[in-house]
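Hi,

Here is the structure I promised to pass on.

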Amino acid sequence: MAPRSWWGWGNVEDAVTGAEEDALVARVAGLLPDHDFTVHQPPEVSDLDLPPSRVVVPNALAAIASPDPEDRVAHARGKAYRDVVRNLEGDLAHTPDVVLRPRGEQDVVDALDWAASAGVAIVPYGGGTSVVGGVEPRFDAPAASLDLTGLDQVLEIDRASRAARVQAGVLGPALEDQLRPHGLTLRHFPQSFEFSSLGGWLSTRAGGHYATVLTHIDDLTESLRVVTPAGVSESRRLPGSGAGPSPDRLFLGSEGALGVITEAWVRLQDRPGWQRSVTVDFDSFDDAAAATRAVAQSGLHPSNCRLLDPMESMVGAGLSTKGGLLVLAFESADHPVGPWLDRGLEIVRDHGGHPGRVVAKEPGRDSPPPTSPADAWRSSFLRMPYQRDAVARRSLIVETFETACTWDRFDELHAAITTAAYDVMTSVGAPGVLTCRFTHVYPDGPAPYYGVYASGRWGSLVPMWDEIKAGVSEAIIAHGGTITHHHAVGRDHAPWYARQRPEPFAAALRAVKAALDPRGVLNPGVLGL
């Protein structure tokens, strides 16, 4: 396995360097010509002032425990911009005292039993790609990071039902590798796919490949097995049920605060053989949004229906558009999808869209299809976290936030977010730009995803970003959006989540926490619990 970066995203060997780095800096300099691009190097782990571990692991857990400093700092936080900057600054204020790597479910049970008796908090950890403070032990109690990546096997496949029983620690690529010989796929590809785990997706209600219909991991979940301090919960495998509130829904999105997901039965797909995609250019963003809404409400159910505004197109992929680019795609394992795309093209043309070349993939086709603007954006999309790290070292503020709203609220919400972002950037002295794209769309509303690219000052980057984040979060809550569509709540979103959720539900959630985790050892602080 390639060495992972302890301070930033992904593999060390895949960091942005050379010509890619030069081109990136030149592109940003074109937007922010007065910025100071001085490079700041990350510290060595050996130079960090890491406090000594405060826990003594019992002999029964010694074989799975690591107090190694590199392990501890690598598990100290996720991969948000503020995480990366604090790492670059050598600020490791909250670090787990030990990392536990269970080999099976019994190790998880034993770890929770020990934690409850010893007053040690347990922070479940999958791939560590949280961008909301979900894996950071931001509290004073001793902490153990419970790294589940050793639970990485597909245990059983039900071909008739197209489902599989999978251990929660498996990372995305390893899961697909185990499903591929069976002609099956989960087809859940978040941006963090390479480094995130099934359990992480489940516990944060992650959004994935499908822009419509099957948008969240919830839709692909058949049943869950969860270890809690009060016992093991395992739901029955069913395609659907009306038997009271769903036990799975209790743990989906619970972010390790109610239990540790160890296994799940997930719904699979046959691997698609027919695919067609096209990029549609628009003269105005209003027309592009209207076309996207029409497609979302058409019943065509495209697999991809992502709208990029002009700034997102330019900054993200170097693509020029006056009003926006819509990436539209259909796929099937059963039949050609040409008629669906043809109807989709009729709809976007009716709204002033200008389709580009259609790229097609069919069974038995040996040569790869020609590249398209959508391919350019997709490649850039996968490199974005690495590029974020490269410019963070140069004091740029580069971060994202996302929401969802109903179509009738979008114009007002989008205007409020845009105004708030630019107002706060001005007030903190961080000139920059805001980008927007729709990552997922529904018949009743879009999920807008925003990017901030601003000039920061070394030593003040985190407070500057925190003010921008607070400003846009206030705008989201005040104008009817959700504080998160798929990034989860964690600790960073907890204040706004507390205002979004109904108080009777909040009281019930606190009661569930008390019943399942009476000593409060599971991931204290996430979800505001």
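First, the ground rules. This is a predicted model, so to speak of local features I needed pLDDT of at least 70 and for side-chain atom pairs pLDDT 80 or more, while totals for chains, interfaces and linings use all residues. Residues are numbered from 1 along each chain as its sequence is written, and side-chain values use heavy atoms, with hydrogens and water left out. Helices (H or I, at least four residues) and strands (E, at least two) are DSSP runs, numbered from the N terminus.

**Helix 8 against helix 12**

Helix 8 packs on helix 12 at an angle of about 155°, and their axes are 12 Å apart. Axes here are lines fitted to C-alpha atoms, for helices over the stretch in contact, and angles run from 0 to 180 degrees between N-to-C directions. The two helices are therefore roughly antiparallel to each other (under 35 degrees counts as roughly parallel, over 145 as roughly antiparallel, 65 to 115 as roughly perpendicular and the rest as oblique). Helix 8 passes helix 12 in a right-handed crossing; a crossing is right-handed if the near helix is turned clockwise from the far one by less than a right angle, and left-handed if anticlockwise.

On the helix 8 side, F285, A289, T292, R293 and A296 meet W407, F410 and H414 of helix 12, where contact means heavy atoms within 4.5 Å. By class, that contact has five nonpolar residues, two polar and one charged (Ala, Val, Leu, Ile, Met, Phe, Trp, Tyr, Cys and Pro count as nonpolar, Asp, Glu, Lys and Arg as charged, and the others, Gly among them, as polar). As a reminder, an α-helix has 3.6 residues a turn, so residues three or four places apart point the same way.

**Helix 3 against helix 13**

Helix 3 (residues 81–88) and helix 13 (residues 461–478) pack at about 165°, with axes 9 Å apart. That makes helix 3 roughly antiparallel to helix 13. The crossing of helix 3 past helix 13 is left-handed. Helix 3 contributes Y81, R82, V85 and R86 to the contact, and helix 13 contributes L461, V462, W465 and D466. Sorted by class, this contact has five nonpolar, no polar and three charged residues.

Setting aside residues up to four places away in sequence, D492 touches R82, V131, V132, G133 and R138. At 18% relative accessibility, D492 counts as buried (buried is under 20% relative accessible area, exposed over 50%, partly exposed in between, with a 1.4 Å probe and protein chains only).

**Aromatic pairs**

The count comes to eight aromatic pairs. Rings of Phe, Tyr and Trp (its six-membered ring) pair if their centres lie within 6.5 Å; planes under 30 degrees apart count as stacked, over 60 as edge-to-face and the rest as tilted. The ring centres of W9 and F195 are 5.6 Å apart and the planes are at 90°, so this pair is edge-to-face. It links distant parts of the chain, 186 residues apart: W9 is in the segment before helix 1 (18–31), and F195 is in the loop between strand 7 (184–185) and helix 6 (198–204). Both W9 and F195 are buried.

F285 and F410 make a tilted pair, at 6.5 Å centre to centre and 50° between the planes. F285 belongs to helix 8 (residues 285–296) and F410 to helix 12 (residues 407–427), 125 residues apart. Both of these are buried too. F285, W407, F410 and F438 form one aromatic cluster.

V213 is not a glycine, yet its phi is positive, near 65°. V213 lies in the loop between helix 6 and strand 8 (221–228), and at 47% relative accessibility it counts as partly exposed. H301 also has a positive phi, about 55°, without being a glycine; H301 is in the loop between helix 8 and strand 13 (304–308).

Cheers
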